[in-house]
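Dear colleague,

I am handing over the structure below, together with an account of what was found in it.

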Amino acid sequence: MTNERLYEVLGDIHEKHVKEAEEYRKTKRPVWLKWGAVAACLCLVVGLAIRMAVHQPAETPNDTVHDEARPPSLTVNGVNYCISPHIAVSNELPDGFMYAGEASVGGFDDCPYYTNPDMPEWVYVYQQVWTDGTVDETGTLNRTEPHHAYVRYVDVRLRGKKLVCCNHEYYISMWSAQYDDDRPDVTKEYYDEMDALYGKRIEGEVPDGFEFAGTAVFTGTDTIPTGELASNQKDAAVYYDPDDPAVILVETSWFTATAEENGQTRHDGFDVYIRYDCPFQPKS
Amino acid sequence: MDDAEIVQLYWDRNEQAILATADQYGNYCTSIAKNILGSCEDAEECVNDTYMNAWNSMPPHRPNILSTFLGKIVRNLSLNRYKHNTAKKRGGGELPAVLNELSDLVSGKDDVEQEITRKELVNTIDAFLDTLSPEKRSIFIRRYWYTDSILEIAKRHGMSDGAVSATLSRIRLKLHNYLLERGFEL
């Protein structure tokens, strides 16, 4: 075939492609950076729970279209992984991870990714980034020159889940338990029942019947806590009810700042965690 | 006036259709023709021929996307004009460079294409384009459909000239391998 003939053939490509190229204008930041900023801001806002009533969520550009409305993800061996909400970025590949292939991730083609058979819940992707993963005092990701780094992606069944392992049983926070998506953590009936009994959070003293179980060991963000008493959120006091093994309470505090309060008010209490069938539970 | 209204003018045999087309898509068609031919004069002639072609093809055609319909006509007419000019050793715009790049993908012999169904080849190229990110797809199509210069593509995509050239080179290599794997030896 001659080059002129190929040029003619290319003239027949689907009009959707031609139209897309007609309208394409690069006006957006990398998708993952946008979501990273959102995630980092949300982490900070949720973590400190300050002025939730008066602050808007983190800003996002108005250029969101189709797939770009979701954080970047990839599928490896049938498992869907999504960028860590904690934006774990490193210049060195963490120990134990090995090259496993290449994939199109967050608008970047041919990104090498790395897996670790001992940590199937994480995948690292080597891709272009505009940050070192640190945030400034406002919770916004610090920007750097474009460079390549290893970025952590987390199994979507674990991503963003607040978990506690208590006596080798798994509990999930009512805040993060899902019952209505493709991969429900719990059934709606169970969720509604526990919501009616305990709610998502209890303010004040430890409710009657609950006893101190100990302080959960923090195993790290995006991790599956394991052992006698461990959490993937932070070190926190855990209480249990000997008569109801379906629930535990985790000590917490939060702030409100409504107009009536004239400043912020600290509240102390407990997040409600309910027992669930953790997909990552070690098989005995 | 939207596309459907302009197309309806053609179907009604209303000559306002040409004016509306020129008003709405004149610049679009001219830029494609000029990319290929380099000469404003030649480009203008091709664009006028494009309106005449559109008039003759609607009806029976009722295009969904008028811009790409017109773009395809002007691209073909400009290519024919380019061939004519080349035979007479007259210049050309961006097309010589584009054709030179496309030489990476083809043998340059005419006999091979007999064995290839054009429609299958187009479908396979469409499938390949679907595998690219929107940005890379746009870069490729701006170069090999719109015949944009590297400089224009760089501006449009916020990249350096070198990055655009390197991206195009990688996409051509990928396309070459993609076609080979599917039995297309061009």
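This is a predicted model: local features need pLDDT of at least 70, side-chain atom pairs count only at pLDDT 80 or more; totals for chains, interfaces and linings use all residues.

Chain A has 284 residues, of which 31% are buried, and its secondary structure comes to 4 helices and 15 strands. Chain B, by contrast, has 9 helices and 0 strands, and buried residues make up 35% of its 186 residues. When contacts between residues at least 6 apart in sequence are considered, 59% of those in chain A join residues at least 24 apart, and for chain B the corresponding share is 65%.

**Where the chains meet**

The contact between the chains draws 28 residues from chain A and 41 residues from chain B. On the side of chain B that touches chain A, the elements giving two or more residues are helix H4 (66-87), helix H5 (95-102), helix H6 (118-131), helix H7 (134-144) and helix H8 (150-157). Of these, H7(B) gives the most, with 8 residues. Sorted by class, the residues on this side of chain B are 19 nonpolar, 11 polar and 11 charged.

**Helix H2 of chain A**

How do H2(A) and H4(B) lie relative to each other, parallel or perpendicular? Their axes are 9 Å apart and the helices pack at an angle of about 100 degrees, and since angles of 65 to 115 degrees count as roughly perpendicular, H2(A) and H4(B) are therefore roughly perpendicular to each other. The residues that make this contact are Glu15(A), Val18(A), Lys19(A) and Glu22(A) on H2(A), and Ser67(B), Thr68(B) and Gly71(B) on H4(B). By class they divide into 1 nonpolar, 3 polar and 3 charged.

With H7(B), the axis of H2(A) crosses at roughly 95 degrees, and the two axes come within 9 Å, so this pair of helices, H2(A) and H7(B), is again described as roughly perpendicular. Here His17(A), Val18(A), Glu20(A) and Ala21(A) of H2(A) meet Pro134(B), Arg137(B), Ser138(B), Ile141(B) and Arg142(B) of H7(B). The contact of H2(A) with H7(B) has 4 nonpolar, 2 polar and 3 charged residues.

**Strands of chain A**

In a regular strand the side chains alternate between the two faces of the sheet. In strand E8 (residues 163-166) of chain A, Leu163(A) and Cys165(A) point one way while Val164(A) and Cys166(A) point the other way, and all of them are buried. E8(A) pairs in the antiparallel sense with strand E9 (residues 169-173) of chain A over 4 bridges, and within E9(A) it is Tyr171(A) that stands opposite Val164(A). The hairpin of E8(A) and E9(A) has 2 residues between the strands, and in it Asn167(A) takes a positive phi near 55 degrees. E8(A) is also joined by 3 bridges to strand E12 (residues 229-231) of chain A, which runs antiparallel to it, and Ala230(A) in E12(A) is the bridge partner of Cys165(A).

Further along chain A, strand E13 (residues 236-241) is joined by 5 bridges to strand E11 (residues 211-218), and the two run antiparallel, with Glu211(A) opposite Tyr240(A). E13(A) also pairs in the antiparallel sense with strand E14 (residues 244-256) over 4 bridges, where Asp241(A) stands opposite Asp244(A), and a hairpin joins E13(A) to E14(A) through 2 residues.

**One exposed residue**

Finally, Asn142(A) lies in strand E7 (residues 141-155) of chain A, and because it has 12 C-beta neighbours inside 10 Å, Asn142(A) counts as exposed. Asn142(A) and Asp132(A) are 10 residues apart in sequence, and their C-alpha atoms are 6.9 Å apart in space.

With best wishes

Methods. Residues are numbered from 1 along each chain as its sequence is written. Chains are lettered from A and ligands numbered from 1 in the order in which they are written. Two residues are in contact if their C-beta atoms, placed from the backbone, lie within 7 Å. Ala, Val, Leu, Ile, Met, Phe, Trp, Tyr, Cys and Pro count as nonpolar, Asp, Glu, Lys and Arg as charged, and the others, Gly among them, as polar. A residue is buried if 20 or more other C-beta atoms lie within 10 Å of its own, exposed if 12 or fewer, and partly exposed in between; C-beta atoms are placed from the backbone. Axes are lines fitted to C-alpha atoms, for helices over the stretch in contact, and angles run from 0 to 180 degrees between N-to-C directions. Angles under 35 degrees count as roughly parallel, over 145 as roughly antiparallel, 65 to 115 as roughly perpendicular and the rest as oblique. Two strands pair if DSSP finds at least two bridges between them.
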